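Please examine the sequence and the three-dimensional structure shown below before reading further. The explanation after them is meant to be followed with both in view.

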There are 2 protein chains.
Amino acid sequence: MNVYTYICVVKLEQAIQSTKFKSEVQKAGLNILYTAWWLKTVISKELKEFGLTHEQYNVLRILKGKYPEQMCVRDIACRMIEKSSNVPRIIDRLELKKLVKRSTSALDKRETVITLTQGGISILDASTIMVNNITDELLAITEKDAGHLNLLLEKVRATEKNLVP
Amino acid sequence: MNVYTYICVVKLEQAIQSTKFKSEVQKAGLNILYTAWWLKTVISKELKEFGLTHEQYNVLRILKGKYPEQMCVRDIACRMIEKSSNVPRIIDRLELKKLVKRSTSALDKRETVITLTQGGISILDASTIMVNNITDELLAITEKDAGHLNLLLEKVRATEKNLVP
DNA sequence: AAAAAATAGGTGTATATACACGTAAAAATA
DNA sequence: TATTTTTACGTGTATATACACCTATTTTTT
């Protein structure tokens, strides 16, 4: 039983070998974490073909969203799915592969502006088609169910508890 | 706008500053990834009080599930939520903090068996109460909705595509 | 205008992830 | 029984996460 085997396991109970959950709410917490791992793992495996990590792909996709406008590091960071991503370091790797270019903003010298290169655009276009196809094939769910799932996830995050310190 | 601010943002559109999703299915993919990040981040912040990372907590909890039986590294690994976790290394850190003990199995000398120490049990008991409380407070969802969410997540993972290479 | 505060982004460190590979032991096979 | 294969686990490496801190700017306040 290896990682690949798990990708085909559907039941949470089987995936984490646990049958006793305190409540459906507690189970939902684990289910969300496990499903995210599963999704990320499958997509990352496919992205390897393009020499990209999931996070590098994310940064490129964010840049494409504003293209041909440039974006500063901060703008990219606040669009990342995982907010604690260290964007300067991810950009280091993209720059090494010549997929983006860094330069200092003329208006505000504190800002570093990032531009997609032609190479970056090519790789992104090819990988986006693949990721979109994989996602559609992978997520075995109707549009209606997906809409419902989106509502429930938003409900999940609608906590009363104010966690800002 | 920092990480703490995001924890209180409910709408996915606002969280990742993106309004155009190709479909509800595509949006659901991002929603699952974002919700998992959000949940993991909040719980990790609380676990810092006990000097534990989310993954270290996970290993301790798995060990507790079989306690007072010992478990080998492999058994722990296949119960992890994130299957690609490097369990020997996580155990290194737990051992340094004297929360677990390693020894070689007498029956199969390849196996390393792991035992919770008294210290490990104490920390785990205290942190488990906290994590369960936080989860219940945090996940603003009824048992019925949670049940529905669990069904939908299972549906999501019920792909036809066989990804085992 | 000068001083203080805030902001942008780079960098250091510990931990984790993802994956490849090595070694010892056990199991399977010849 | 000897050889091969498999298994369990540790370890090395690149990347990412989480967080703290530093420096150069810009903005705000005095």
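The paragraphs that follow treat the single chain, its sheet, the pairing of the chains and the DNA strands in turn.

This is a predicted model, in which local features need pLDDT of at least 70 and side-chain atom pairs count only at pLDDT 80 or more, while totals for chains, interfaces and linings use all residues. Residues are numbered from 1 along each chain as its sequence is written, and chains are lettered from A and ligands numbered from 1 in the order in which they are written.

Taken along the principal axes, the C-alpha atoms of chain A fill a box of roughly 60 × 40 × 30 Å.

The strands of chain A form an open sheet of three strands in the order β1-β3-β2, with antiparallel pairing; two strands pair if DSSP finds at least two bridges between them. β1 (71-72) and β2 (100-104) of chain A stand at the edges with a single partner strand each, so one side of each has no neighbour in the sheet. Five bridges connect β2(A) with the antiparallel strand β3 (residues 112-116) of chain A. Within this pairing, A:Val100 stands opposite A:Leu116, and A:Thr104 has A:Thr112 as its bridge partner. β1(A) and β3(A) are also antiparallel, paired over two bridges, and A:Cys72 lies opposite A:Val113 in β3(A).

Helices pack against this sheet and against one another. α4(A) lies across β1, β2 and β3 of chain A and runs at about 90° to β3(A). Axes are lines fitted to C-alpha atoms, for helices over the stretch in contact, and angles run from 0 to 180 degrees between N-to-C directions. α4(A) also packs with α6(A), at an angle of about 90° and with the axes 10 Å apart. The two helices α4(A) and α6(A) are therefore roughly perpendicular to each other, a description used for angles of 65 to 115 degrees. In this contact, A:Glu55, A:Gln56 and A:Val59 of α4(A) meet A:Val87, A:Ile90, A:Ile91, A:Arg93 and A:Leu94 of α6(A). By class, the contact of α4(A) with α6(A) has five nonpolar, one polar and two charged residues; Ala, Val, Leu, Ile, Met, Phe, Trp, Tyr, Cys and Pro count as nonpolar, Asp, Glu, Lys and Arg as charged, and the others, Gly among them, as polar.

Chain B has an open sheet of three strands as well, in the order β1-β3-β2 and with antiparallel pairing. In chain B, β2(B) and strand β3 (residues 112-116) pair over five bridges in the antiparallel sense, with B:Lys101 opposite B:Thr115. α6(B) packs on the sheet, where it touches β2 and β3 of chain B, and its direction makes about 120° with that of β2(B).

How are the two chains related? The same surface serves both copies, as 100% of the contact residues of chain A recur in chain B. In total, 68 residues of chain A are in contact with 69 residues of chain B; two residues are in contact if their C-beta atoms, placed from the backbone, lie within 7 Å. α1 (3-7), α3, α7 (118-138) and α8 (143-157) of chain A each supply at least two residues of the side of chain A that touches chain B. α3(A) gives the most to this side, with 19 residues. The residues of this side of chain A divide into 34 nonpolar, 17 polar and 17 charged.

Finally, both chains take part in the surroundings of the DNA. Of the 28 residues around DNA strand C, A:Cys72, A:Arg74, A:Pro88, B:Ser84 and B:Ser85 come nearest; a residue is near a molecule or strand if its C-beta atom, placed from the backbone, lies within 6 Å of it. α3(A) gives the most to the surface near DNA strand C, with four residues. By class, this surface near DNA strand C has five nonpolar, nine polar and 14 charged residues. Around DNA strand D there are 28 residues, of which A:Ser84, A:Ser85, B:Cys72, B:Arg74 and B:Pro88 come nearest. For the surface near DNA strand D, the largest share, four residues, comes from α3(B).

Methods. Parallel < 35°, antiparallel > 145°, perpendicular 65-115°, else oblique.
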